[in-house]
Amino acid sequence: SFSMTQKEKSKFRKTKEWATFRKKMAEKYNNKDAITGKKLYKGWTLHHLDLNSDNYDILDENNFIPLNKKTHDVIHFLVRYDLEILGQFKCYLEKMKDLS
């Protein structure tokens, strides 16, 4: 494999191989978002857990999860921070729940 550009990644996601793999992964997760457990909506993403672009086209089932768009946005937001940020989220979410 080689390091892929955004254009090459986009082209790869248009291949039959990707479409077949994507469908297979959705079925593996019972057509549900791997994090929220909600059904996969139109436009859902097959998320690469391996962010190394050298491995972008290696279709290993262990390295992908199906996610709805909002879940996918959140995971990319969170990956920029240390895991301690999750504790902060939990603290303030609990406070919001208590206040509401």
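**Note on aromatic pairs, surface patch and salt bridges**

1. Ring pairs link F12, W18, F21, Y56 and F64 into a cluster. Rings of Phe, Tyr and Trp (its six-membered ring) are taken as a pair if their centres lie within 6.5 Å; planes under 30 degrees apart count as stacked, over 60 as edge-to-face and the rest as tilted. The structure is a predicted model, in which local features need pLDDT of at least 70 and side-chain atom pairs count only at pLDDT 80 or more, while totals for chains, interfaces and linings use all residues. Residues are numbered from 1 along each chain as its sequence is written, and side-chain values use heavy atoms, with hydrogens and water left out.

2. By the ring rule, the count comes to seven aromatic pairs. F12 and W18 form a tilted pair, with 5.8 Å from centre to centre and 55° between the planes. F12 is buried at a relative accessible area of 9%, and W18 is buried at 4%. Here buried means under 20% relative accessible area, exposed means over 50%, and partly exposed is in between (1.4 Å probe, protein chains only).

3. A further tilted pair is made by F77 and Y81, whose ring centres are 5.2 Å apart and whose planes are at 50°. F77 is partly exposed, with a relative accessible area of 31%. Y81 is also partly exposed, at 44%.

4. Where does the largest share of the nonpolar patch come from? Helix α4 (residues 84-99) supplies it, with four residues. L83 lies in the loop between α3 (69-79) and α4, and L83 is exposed at 67% relative accessible area. Helices (H or I, at least four residues) and strands (E, at least two) are DSSP runs, numbered from the N terminus.

5. L78 lies in helix α3 and is partly exposed, at 23% relative accessibility. Leaving aside neighbours within four places in sequence, L78 is in contact (heavy atoms within 4.5 Å) with I85, L86 and F89.

6. R22 lies over the face of W44, at 3.8 Å from the ring centre. The criterion for a charge over a ring is that NZ of Lys or CZ of Arg is within 6 Å of the ring centre and within 35 degrees of the ring normal.

7. Most residues other than glycine have a negative phi. N30 has a positive phi, near 55°, and N31 likewise has a positive phi, near 55°. N30 lies in the loop between α2 (16-28) and β1 (45-48), and N31 is placed in the loop between α2 and β1. N30 is exposed, with a relative accessible area of 59%, whereas N31 is partly exposed, at 41%.

8. The salt bridges come to a count of five. A salt bridge is a side-chain nitrogen of Lys or Arg within 4 Å of a carboxyl oxygen of Asp or Glu. K23 forms one with E27, the closest N and O atoms being 2.8 Å apart. K23 and E27 are four residues apart in helix α2, so about one helical turn separates them. K23 is exposed at 54% relative accessibility, and E27 is partly exposed at 44%.

9. E61 forms a salt bridge with K24, at 2.8 Å between the closest N and O atoms. Because E61 lies in the loop between β1 and β2 (64-67) and K24 in helix α2, the pair ties together parts that are 37 residues apart in sequence. E61 is partly exposed, at 25% relative accessibility, and K24 is partly exposed, at 44%.

10. E61 also meets K28 in a salt bridge (3.1 Å, N to O). K28 is in helix α2 and E61 is in the loop between β1 and β2, so this pair ties together parts that are 33 residues apart in sequence. K28 is partly exposed, with a relative accessible area of 42%. Through shared partners, salt bridges join K24, K28 and E61 into one network.
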